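Hi,

Here is the structure I said I would pass on. Have a look at it first, and then read on for what turned up.

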Amino acid sequence: CVREREPLFSLLQIFSIVIDNALALSNPPPPSRAGKWWYYDPKEEEVEEANSGPSSGGSGGQKDGQRSTVIDQADMHEHVFLPIYQSKAVEDDYFIAVTTEYLLGLSSRGLMAEEFMVQFVLGLIVDAKPPRYNVLHQLLQYHVIQDSLSVAQRLLALEVAYKPALQLALDMLHRLKAHQDLLEALLSRGMVVQAVQYAKDNAPQVKLVPGRLLGAAREWEDADAFFVAFRFLQGEMQGQHANHKRAAPGFLPEDDCADHIAYYERVFEAQP
């Protein structure tokens with residue numbers, strides 16, 4: 001159907017059948033219970049007859065050897081989507097729309113797309129010529145692609161080509177409560193003041209490493225950001241000391257900030 005470029009609505013119906021069948025067979029219904037006002041106790045010979053299965057030539061029931069087939073996400077990826085992608089049988093726009101419909105079918109049933117399916121669709125979107133970043137944005141906005149660290153890292157890598165990817169990644173890391181990964185993303189981009197603000201807004205879950213914070217400001221040669229970060233750390237340390245959570249109100253040797261302290265004294269305290 002995909003190779004023949006069937007309408008997306010028809011494909012969505014086929015995907016729905018495939019997903020519903022896989023869902024039903026992977027989650028068999030619980031055994032039925034007797035009604036409140038009715039109880040049946042089968043005789044021993046009836047139990048033996050039921051366990052032995054239908055007799056040969058009998059009508060009804062499932063035939064010998066008959067079984068249902070489950071087509072899961074791995075099958076769809078390996079036997080449907082990947083061969084079509086490798087053969088370049090259809091154009092990018094149509095194939096992206098097809099795989100997106102499959103993800104929508106999963107999402108509408110409360111199912112999460114497997115990591116390999118997510119990465120496959122992301123690859124289609126990013127590698128298309130030109131890349132279909134608007135499709136990516138919509139899939140993330142409506143949570144068709146679920147939050148994960150791997151998706152967030154891929155979004156961070158797209159920042160140069162697609163500037164909104166940075167904010168999408170930061171928002172995702174925040175929802176995942178991956179605070180340290182978010183801080184590292186900010187600091188590695190010289191966004192020291194934003195990192196300080198994030199730490200303030202999300203205390204006490206966020207833990208800033210003094211040496212990393214001050215080192216990032218100096219690495220980007222941002223004296224103003226260094227001053228903001230240094231004074232923030234001083235206030236945090238004094239507060240922790242007052243609450244008996246720190247041995248001293250200032251920097252400790254284990255903070256490994258001696259060079260940064262000397263820099264602060266030289267640049268800011270030495271000024272008239």
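Predicted model: local features only at pLDDT ≥ 70, side-chain atom pairs only at ≥ 80, totals over all residues.

Let's start with phenylalanine 81.

The largest nonpolar core has 74 residues, and Phe81 and Leu155 are the ones with the most contacts inside it. Helix 5, residues 115-127, gives the most to this core, with eight residues. As a bit of background, nonpolar side chains in soluble globular proteins tend to be buried together.

So what does helix 5 look like? It has 13 residues, and from its first C-alpha to its last it reaches 18 Å, close to the 18 Å expected at 1.5 Å a residue. The buried residues in helix 5 are Met117, Val118, Phe120, Val121, Leu122, Gly123, Leu124, Ile125 and Val126. And what covers them? The cover includes helix 3, helix 4 (92-108), helix 6 (133-141) and helix 7.

In helix 3, which runs over residues 73-87, you'll find histidine 77. His77 has a relative accessible area of 17%, so it counts as buried, the cut-off being under 20%. Beyond residues up to four places away in sequence, His77 touches Leu82, Pro83, Phe116, Met117 and Phe120.

In helix 7, residues 149-157, have a look at leucine 156. Leu156 is buried because its relative accessibility is 10%. Once neighbours within four places in sequence are left aside, Leu156 is in contact with Leu166, Ala169, Ala185 and Arg189. Take Ala169: 13 residues separate it from Leu156 in sequence, yet the two C-alphas are 6.0 Å apart in space.

Finally, the surface. Val193, Phe227 and Val228 make a nonpolar patch there of about 200 Å². Is valine 193 buried or partly exposed? With a relative accessible area of 40%, Val193 is partly exposed. You'll find Val193 in helix 10, which covers residues 192-201.

Cheers

Key: Residues numbered from 1 in each chain as written. Heavy atoms only, no water. Helix = DSSP H or I, 4+ residues; strand = E, 2+ residues; numbered from the N terminus. Buried < 20%, exposed > 50% of the residue type's maximum accessible area, 1.4 Å probe, protein only. Contact = heavy atoms within 4.5 Å. Patch = residues over 30% accessible without salt bridge, like charges linked within 9 Å, V, L, I, M, F, W, Y side chains within 5 Å. Areas by Shrake-Rupley, 256 points an atom, 1.4 Å probe, with all protein chains shown as cover. Salt bridge = Lys/Arg side-chain N within 4 Å of Asp/Glu carboxyl O. Core = buried A, V, L, I, M, F, W, Y, C linked by side-chain atoms within 4.5 Å. Expected span 1.5 Å × (residues − 1).
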